[in-house]
Amino acid sequence: MPSRDPVGFLGSEYKGLVEAELDWKLRVLQGPSTTRCVVDGKQVLMLCSNNYLSLSNHPKLKAAAIDAVKTHGAGSGSVRPIAGNMDLHMELERRLARFKDAEASLVYQTGFAANSGLIPQLADEGDLIVSDELNHGSIIDGVRLSKADRAVYKHCDVADLEKVMADAEKHIPAYRRILVISDGVFSMDGDIAPLDSIAKIARAHGAMVYVDDAHGEGVLGEGGRGIVSHFRLGRNDVHVEMGTFSKAFGVVGGHISGSRDLVNYAYNKSRTWLLSGSHPPAVVAACIAAVDVLETEPQHVRSLWANTDYFRKGIQSLGFDTGKSQTPIVPVMIGESGAAKRFSSLLFEMNMFALPIVFPMVARDKARIRTIMNAALTRADLDEALGAFEKIGKKLGLV
Ligand SMILES: *Cc1c(COP(=O)(O)O)cnc(C)c1O
């Protein structure tokens, strides 16, 4: 009998995380995700939600969800390829494709399911996947599920990407397919991938381009159409535009947009989609309403950017560094992990909710408070937030 403890690692690993202060302490949101909300029993100003446009609590989304329960029930009954494909799912895909100006779209249960289910079907043995070093974990998992070779280029570094591609051309036997994949907006720094240059390099090598626009949709481009619109690129430049309904769209669900061929292929090949139950009617209807709101109420995206400009300038004029931020993700650089954690607790004491991002998510000396701007924040809210950052920054000797 081996002296094996089958489950001992569970407790000891967890204890290690707690001792290193790397365990997640979950906060509880009591009520809707609004800019003024209740977290752990305390009324706070929300400064770290992905609900960029506050659509999660928009009356049209809520009404659509309630109506769909009445007309279509609480669940879908099956996976989509068997018996769980409702008229609502088809309508959402049509509406999304129109919004994205794509031939077709496909809706997954989550963005994570889109990346982990589609990427391994796009590149296999004999192919190469080229990935930005800071790509999202769901891309990393998708790449791991593929039998293709992998190459990583330095973050947003066009020259390094060119080098990686030139090296790839020397591979014997020649790669059958090359897939270049990048986040559109990077969630730790709020910087934008140089998608125009990436597309140009990819084209020179006959490579396919896949962008994960989870933080760009509802934010970048005309009316929040995303990064492809932002750079005015076409479907021959970016072949797979992936996104999520869980951030600016305010609901939940992943999606891809591109050619009809892409969607037909994914319908038949993508296992996370084929083998997992489809969204309940309330979710799908709320997503359709979110697309509707983006098409008919452009003021939300405008106010998101006005707030972003005001807050980022305000934070910078206090003397803080906001790193590479070009989007509503505004990291306020603090330095050491301990200081960032203390900063966040002091913010919470002053009724501001913004979490610290520390090692291992970012480098040890690059701990930060990551704020995420929201269309529904008022000038008074932002001034209050700036006041709190100033007060705490001075108290901790950071500004
Ligand atoms: C949030 C996020 C995802 C996952 O999307 P979900 O729909 O929440 O599963 C994928 N990629 C990136 C870059 C993200 O930020």
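**Loops, Contacts and Ligand**

Tutor: Let us start with P173, which is placed in the loop between α6 (158–169) and β6 (178–183). Please keep in mind that this is a predicted model.

Student: Which form, cis or trans, does the peptide bond from I172 to P173 take?

Tutor: The residue P173 belongs to the loop between α6 and β6. Omega for the bond from I172 to P173 is near -5°. The form of this peptide bond is cis.

Student: What is the omega value of the cis peptide bond from F359 to P360?

Tutor: P360 is located in the loop between β12 (356–357) and β13 (367–372). The bond that leads from F359 to P360 is cis, and its omega is near 10°.

Student: Is N351 buried, partly exposed or exposed?

Tutor: N351 sits in the loop between α13 (337–349) and β11 (352–353). Although N351 is not a glycine, its phi is positive, at about 65°. Buried residues are under 20% relative accessible area and exposed ones over 50%. Because N351 has a relative accessible area of 30%, its class is partly exposed.

Student: What is the phi value of E21?

Tutor: E21 is found in the loop between α1 (8–19) and β1 (36–39). This residue is not a glycine, yet its phi is positive, with a value near 55°.

Student: Which residues does H89 touch, not counting those up to four places away in sequence?

Tutor: H89 is part of helix α3, which spans residues 87–100. With a relative accessibility of 4%, H89 counts as buried. Its contacts, with residues up to four places away in sequence not counted, are S76, R80, G84, S278, H279 and V284.

Student: Is S78 buried or exposed?

Tutor: The position of S78 is in the loop between α2 and α3. Beyond residues up to four places away in sequence, S78 touches A83, G84, G277 and S278. The cut-off for buried is under 20% relative accessible area. Since S78 has 16% relative accessibility, it counts as buried.

Student: How many residues apart in sequence are the parts that the salt bridge of K60 and E297 ties together?

Tutor: In the salt bridge between K60 and E297, the closest N and O atoms are 2.9 Å apart. K60 lies in helix α2 (residues 59–72) and E297 in the loop between α11 (281–296) and α12, so the parts tied together by this pair are separated in sequence by 237 residues.

Student: Which of the two classes, buried or exposed, applies to R80 and E93?

Tutor: A salt bridge joins the side chains of R80 and E93, at 2.7 Å from N to O. R80 is in the loop between α2 and α3 and E93 in helix α3, so the pair ties together parts 13 residues apart in sequence. Both R80 and E93 are buried.

Student: How much of the ligand's accessible area does the protein cover?

Tutor: The ligand is surrounded by 13 residues, the closest being G111, D212, T244, S246 and K247. An oxygen atom of the ligand is 2.7 Å from a polar backbone atom of G111, and an N or O atom in the side chain of T244 is 2.6 Å from a ligand oxygen. On its own the ligand has 380 Å² of accessible area, of which the protein covers 87%.

Student: How many charged residues does the shell around the ligand have?

Tutor: The shell has two nonpolar residues and eight polar ones. The number of charged residues in the shell is three.

Terms used. Residues are numbered from 1 along each chain as its sequence is written. This is a predicted model: local features need pLDDT of at least 70, side-chain atom pairs count only at pLDDT 80 or more; totals for chains, interfaces and linings use all residues. Side-chain values use heavy atoms; hydrogens and water are left out. Helices (H or I, at least four residues) and strands (E, at least two) are DSSP runs, numbered from the N terminus. Buried means under 20% relative accessible area, exposed over 50%, partly exposed in between (1.4 Å probe, protein chains only). Contact means heavy atoms within 4.5 Å. A residue is near a molecule or strand if one of its heavy atoms lies within 4 Å of it. A polar contact is a pair of N or O atoms within 3.5 Å; within protein, one must be able to donate a hydrogen and the other to accept it, and residues adjacent in sequence count only if both atoms are side-chain atoms. Accessible areas come from the Shrake-Rupley method with a 1.4 Å probe; for residues, only the protein chains shown count as cover. Ala, Val, Leu, Ile, Met, Phe, Trp, Tyr, Cys and Pro count as nonpolar, Asp, Glu, Lys and Arg as charged, and the others, Gly among them, as polar. A salt bridge is a side-chain nitrogen of Lys or Arg within 4 Å of a carboxyl oxygen of Asp or Glu.
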